[in-house]
Amino acid sequence: MVVVFGILFVRLWFLQIIHGSRYRTESENNRIDLRDIMPSRGLVFDRNGRLLVDNRPSFILGVIPENVRNLDDLLSDLSRLVDIDRSTAEEKIKRALTGDPFRCVHLKRGLSRDELARVETHMVTMPGVTIEVKPQRHCINETLAAHLIGYLGEIDKEQLGKKEYAGNKLGDFVGKYGIEKKWHEYLDGTRGGQQVEVDASGRILRVLYQKEAEPGADVYLTIDKDLQVVAEQSLKDQAGAIVAMRPKSGEILAAASSPTFNPNDFAKGMDKRDWQELISHRYFPLQNRVISGQYPPGSLFKIVVALAGLEEGIIDPDEKLFCGGSYTFQGREYRDWKEGGHGYVDLHRALVESCDVYFYKMGQRLGIETIAKYAKHLGLGRNTGIQLGDEKQGLIPNRAWKLRRWHVPWQDGETLSVAVGQSFVLITPIQIARFVSALFNGGILYKPQATLWIGRNGKKDLFEFKPEPAGTWDLAKQNMEFVKKGLYGVVNEPHGTGWRARLKNISVAGKTGTSQVISLPEDKETGQENDIPYKFRDHAWFVAIAPFEDPEIAVAVVVEHGGKGGAVAAPIAKALLQEYYKTEAL
Amino acid sequence: MFDRRLIDNFDWILLAVLIVMGLLSVFNLYSATYTVRAFGGGQIFVKQICWYGVGFLILLLMTTFDYHMLNRLAYPLFFLSLVLLVAVLKVGKVAHGSQRWLSLGLFSVQPSEIVKISLVIILAKHFSEDERIGNYRLRDLVRPLILTVIPFMLIVYQPDLGTALMLLIVSFSIIVFAHVNWKSIVIFLSTAVLSTPLLWATLQGYQRKRIIAFLRPDLDPLGAAYHVTQSKIAIGSGLFWGKGFLKGTQTRLHFLPQQHTDFSFSVLAEEWGFVGSAVVLFLYLFLILWCINIARSSKDRFGALLVIGVAASIFWHLTINVGMVTGLLPVVGIPLALFSYGGSSVISTMAAMGLVMNVSMRRFMFQA
């Protein structure tokens, strides 16, 4: 014991007396500090290995609060040299002064060449200002697949406590949305660091230890870049959404939402101004309409009513009903989209020509509860489980819902509106794409997925796509076959509403939908679309699937306030199929 | 039940030493957390005063009964502390990647601190009841070994390798003091060393990593090795007289990690220099020698071993902690008993010192 005490005394003597002056100098002048070595974030590719997102060097303007002489002078100098928001910068520096004043505060990312040159020439007169070079996230095609890829942002308090962000510190840029958020843990890599000796002015004298950073893993998406480009171009200058999917696996081949945004703006670090502009935009560019745009399905919903009617034995496919252009129920007139009506139609013709009167009658026979039960069972009005942020589930109304939500009982007339996809019914584009996929793959609801594989150096070790069935339709095969033939007719038979989606060498099936935003006064209804104010125009829908015999691709298109589905949405679906098959139109 | 002679025999010197220790600890913590206080984290030295207050009450409480009672209570107490250790694994709070705390509503306890005391008691009982005083053979060590290994493994699972190691060392110290013959110790140690590779083979990959990180913290240049570098600069820059109270620059600028717990000695050495650190070391030396004196003059073997166990615990805390902050030993995360911040640590140490006081007071009394 005496020996141990002896050793401790000698050790203290050694540290404090013999080497004391050296340590004193180190404590006063030089500091031993830790510097991070940031890992390079994993890249994002499309399904064919075409690069979508990489990292580019970017110059960051920073300030070390402790070294600033006069904050006001510095801020006016900087706002003269660089385009920054002065109040945001002041707030950031003041907040840092109450914490660790030696920690560099980043004021602006992505300095332009001019700004860089201006700051560098004035560096001497602005103590405390630093320029750092750091990799910055960069979407090569700017807005391409922005909603799917998502963006980065400075880590927030809530994320700091989570397991996925365990390797991150305050000030880090982390995934905030889309794939960047979903796979952040894999993309991010592992931080390295250096133990360095720095002098009083912060210059590194020597590196004592170094631990290299480990780069993040690469993510390969299921989307096809070419198809994505066509989808986004089709929606240019219009609000809406397009999703293309493999019917037999749930892989998403393209997912476009318009209007869109540029993730590169986020990488630079947005100031309050830009952010305000983005979130107060009247068409909500940040919303991913593919999964969170909720629209009335219009005539697309007739597929549900047809399946339900056949399954329940309420519809006899050979029974012909007369359509004279409208149907009167409880003293109210329910109109068909076609003035003068369709004449005598059976189920097949009713689907092909999208006869409203036929489905009013069928809806009336089925009743709202049965319709709602089937719609839910077939995957509408509920989440698909895509796990890409903010998925909305839509709405399939029934009696209980109406009473709960509106405190009034269900009106029988509303059932008629539901039967043609109006009234309260809301669905999302991803739901309808999955729905039509299931109809053509034998009734399997696959979970939509956007990631093909994740790994480093081509090894698919972190994640690999496999189809995930999330439910099976409990329907008779011949009923599905009957409805499928109806959808083939929509595109390929005379009077079919979807003829604009027809292709020469590929057999396409599909269904049009035109959903009313509000019920218009009668005199307006027959008028030209262009005469109606934009926000009152109908939403145009089209779902397509091809080839009919053995489907490889399903496409859902919605154009907000676009007008008629057959006229507006069907040609867009056709453009995607053409790109997919690279064929000429019929 | 309270004999007047007990008050006459009260160990005022032991109490005085503990009070001085407590004051030094609080002053040092005041300085160590001085800058943190500006950001609302300044309750620490106040809390430490409270812990010491509670600690002294418990110390007095521990003197009110005859320590021979513990002879009878040894097994129930030991069993209870094992139950707490199991409970902490099931429902304990997770902090800094390990599960060490048991929440009791208003406050939390660290069962591993309680088991340290109950293990000392049960080992003292074991060796005092064994007929063959001294010259224990290897097989006589089986029982104490099992008694040590059970809580040891439970603490390793938390994982709190520092405290677990402390348990082993303290129990080994008691075995040595109980005069086990040296041949047995040598055989025992060599078996332990030889069985290490076997044990190693049964461990999972992540468990091995954790143990390597524990034994070779210098392999992590951004963690422990960095802390040691900063700690050495802090201590060394104190020179002979120190930089003065509240003037430690390493402390002020937060270069020292955990400056109020594991590295509190570095704060002292920076601000009070060689003189201050030497005074504190002498204080510990005095405390330990005083305990050994109590043990020597204790009227029975049970009391003597009890005091030796407590003294050994203090001694090893000091050795490992000061060795670690001066860069002689790996950074294993062991606080300096009586000096570092920590409720469980202060209270359990004071409770242990209460036992020492108890034995000290009853040295000159004989049972009727």
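Predicted model: local features only at pLDDT ≥ 70, side-chain atom pairs only at ≥ 80, totals over all residues.
**Notes on the two-chain model**

1. Start with helix 18 of chain A, residues 399-406: of its eight residues, the number buried is zero, so this helix lies largely in the open.

2. Strand 21 of chain A (residues 509-515) is another story to look at: it is mostly covered, with seven of its seven residues buried. In a regular strand, side chains alternate between the two faces of the sheet. Here A:A509, A:K511, A:G513 and A:S515 point one way, while A:G510, A:T512 and A:T514 point the other way, and all are buried. Note that A:K511 is among those buried residues.

3. What does strand 21 of chain A pair with, and in which sense? The partner is strand 22 of chain A (residues 539-546), and the pairing is antiparallel over seven bridges.

4. Over to chain B, whose secondary structure comes to 14 helices and three strands. Chain B has 368 residues, and buried ones make up 44% of them. Taking contacts in chain B between residues at least 6 apart in sequence, 72% join residues at least 24 apart.

5. One helix pair in chain B is worth a look. Packed helices are described by the angle between their axes and the distance between the axes. For helix 5 (residues 111-129) and helix 6 (residues 142-156) of chain B, the axes come within 10 Å and cross at roughly 175°. Angles over 145 degrees count as roughly antiparallel, so helix 5 of chain B is roughly antiparallel to helix 6 of chain B.

6. Which residues make that contact? Helix 5 of chain B brings B:S112, B:V115, B:L119, B:I122, B:L123 and B:H126, and helix 6 of chain B answers with B:R143, B:P144, B:L147, B:T148, B:P151 and B:I155. Sorted by class, this contact has eight nonpolar, three polar and one charged residues.

7. Last, the contact between the chains: 25 residues come from chain A and 30 residues from chain B. On the chain A side, the elements giving two or more residues are helix 1 (2-18), helix 2 (20-28), strand 1 (31-37), strand 8 (192-198) and strand 9 (204-211). Helix 1 of chain A has the largest share of that side, with ten residues. The class breakdown for the side of chain A that touches chain B is 13 nonpolar, seven polar and five charged residues.

Conventions: Residues numbered from 1 in each chain as written. Chains lettered and ligands numbered in written order. Axes fitted to C-alpha atoms, helices over the stretch in contact; angles between N-to-C directions. Helix = DSSP H or I, 4+ residues; strand = E, 2+ residues; numbered from the N terminus. Parallel < 35°, antiparallel > 145°, perpendicular 65-115°, else oblique. Contact = placed C-beta atoms within 7 Å. Nonpolar A, V, L, I, M, F, W, Y, C, P; charged D, E, K, R; others polar. Buried ≥ 20, exposed ≤ 12 C-beta atoms within 10 Å, placed from the backbone. Pairing = 2+ DSSP bridges.
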